[in-house]
Amino acid sequence: MDATALATLLVPSWSAVVVLFSYLGYLAAAGAILPGKLVPGAVLPDSSRLHYCCNGLLSLLLLLVLSALGVYMGWMTPTVIADRGIELLSTTFIFSVTVTFLLYYSGLRSHHKSSSLKPHVSGNFIQDWWLGVQLNPHFMGVDLKFFFVRAGMMAWLFINLSLFAKSYLAGSANLSVILYQFFCAWYIVDYFVHEEFMTSTWDIIAERLGFMLVFGDLVFIPFTFTIQGWWLLRNNVELSLLAATVNCFIFVIGYLVFRGANKQKHVFKKCPKALIWGKPPKLVGGKLLVSGYWGIARHCNYLGDILLALSFSLPCGTSSVIPYFYPTYLFILLIWRERRDEARCSEKYKEIWVEYCKLVPWRIFPYVY
């Protein structure tokens, strides 16, 4: 593809705009109408708390049915997303930038005193635009932070499904493609099965909504986490039975550690006396959990996430580093985030944190780091 053709594709098309806004419109309507478990969020500094309707799984399943119906009736092609990948990328990027400027200026004009909507302004435009001004801004009753992360995760799956359809129609859907698609689909569907766990994550509880989160949710997650799928579409990789078995083993271990650690943390926050691995939880200073996965490493969930990311890339073989962008990026991100977490916890818990670090000396990788 020459530079002129690429520049042409980067210009948003009306069809890409229609796809994007139809998708976001569906999610907004489904989120407001479909039933779901109402989950209380974390208690905010002003003692208030938001409530989240966790109907993401039902929204996903309904959209899959509607999409299948659209393909069956001939209203759309199964490769509609893969055929407009670059157009959708540029359209979504422009939308994300526009949204973050609107969030910035609306946040500056906010006179709310609640923790969710109170403006946090440093005076540095770049910092405030990047990190956001408000914690939980809403639009027409929609919690935008929760909405955008749902949109990004679901878009990841639908881009992959469109890529798989393109591979299948081209006759190139081999074992590598199937493994990659299965691993990602399992991860994403599992996310929505446990969507309520998202309400106790740092992004939801403490990060304000600015360019960092909006771009990350709407652009980075769906368009970079699918690089492996795009690569497999253009490169044939034949995995041996041994390679496929090792890949499956890494995925299973990563999933068990990632999901298990996050579930233990979420359950502990909701019910501090709940059993962990059949035993009462052990605490340091009555606050910090040292049972289960959290007694193995201080950020054991990060280890699981890194293993999962690696398993998504291994079906692409080792002939190129391009498919390994996601695990490489995630590794760097989580090391940086772990450092931020450690500094924040050290300041918050002081002597308790020192004692905790003695009991759990490993940060992410047991006996390594």
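Phe183 is buried, and Phe251 is buried too. Bear in mind that you're looking at a predicted model. How are the rings of Phe183 and Phe251 arranged? Their centres sit 4.4 Å apart and their planes make an angle of 15°, so this pair counts as stacked. Now look at where the two residues come from: Phe183 belongs to helix H8 (residues 175–193) and Phe251 to helix H12 (residues 241–270), so the pair ties together parts that are 68 residues apart in sequence.

As you can see, a pair of aromatic rings is described by the distance of the centres and the angle of the planes. Trp156 is in helix H7 and Tyr326 is in helix H14 (residues 325–349), so here the pair ties together parts that are 170 residues apart in sequence. Are these two buried or exposed? Trp156 has a relative accessible area of 0%, so it's buried, and Tyr326, at 3%, is buried as well.

In soluble globular proteins, nonpolar side chains tend to be buried together. The largest nonpolar core here has 75 residues, and those touching the most other members are Tyr23, Phe148, Met153, Met154, Trp156, Tyr187 and Phe312. Which helix gives the most to this core? That's helix H7 (residues 144–170), with 14 residues. Domain 1 (12–238) and domain 2 (239–368) both contribute residues, so the core lies between them. Apart from this core there's another one of nine residues, including Val257, Phe268, Tyr293 and Ala297.

Leaving aside residues up to four places away in sequence, Met154 touches Tyr23, Leu27, Gly56, Ser59, Leu60, Leu63 and Phe192.

Finally, hop over to a loop. Ser48 is found in the loop between strand S1 (37–40) and strand S2 (51–54). Its relative accessibility is 28%, so Ser48 counts as partly exposed; the buried label would need a value under 20%. The side chain of Ser48 makes a polar contact with the side chain of Asp46, at 2.5 Å. Not counting residues up to four places away in sequence, Ser48 touches Ala42 and Val43. Ser48 and Ser114 are 66 residues apart in sequence, and their C-alpha atoms are 8.0 Å apart in space.

Technical notes:
Residues numbered from 1 in each chain as written. Predicted model: local features only at pLDDT ≥ 70, side-chain atom pairs only at ≥ 80, totals over all residues. Heavy atoms only, no water. Helix = DSSP H or I, 4+ residues; strand = E, 2+ residues; numbered from the N terminus. Buried < 20%, exposed > 50% of the residue type's maximum accessible area, 1.4 Å probe, protein only. Contact = heavy atoms within 4.5 Å. Polar contact = N/O pair within 3.5 Å; in protein donor to acceptor, adjacent residues only side chain to side chain. Core = buried A, V, L, I, M, F, W, Y, C linked by side-chain atoms within 4.5 Å. Domains from an automatic or database assignment. Phe/Tyr/Trp six-rings, centres within 6.5 Å; stacked < 30°, edge-to-face > 60°.
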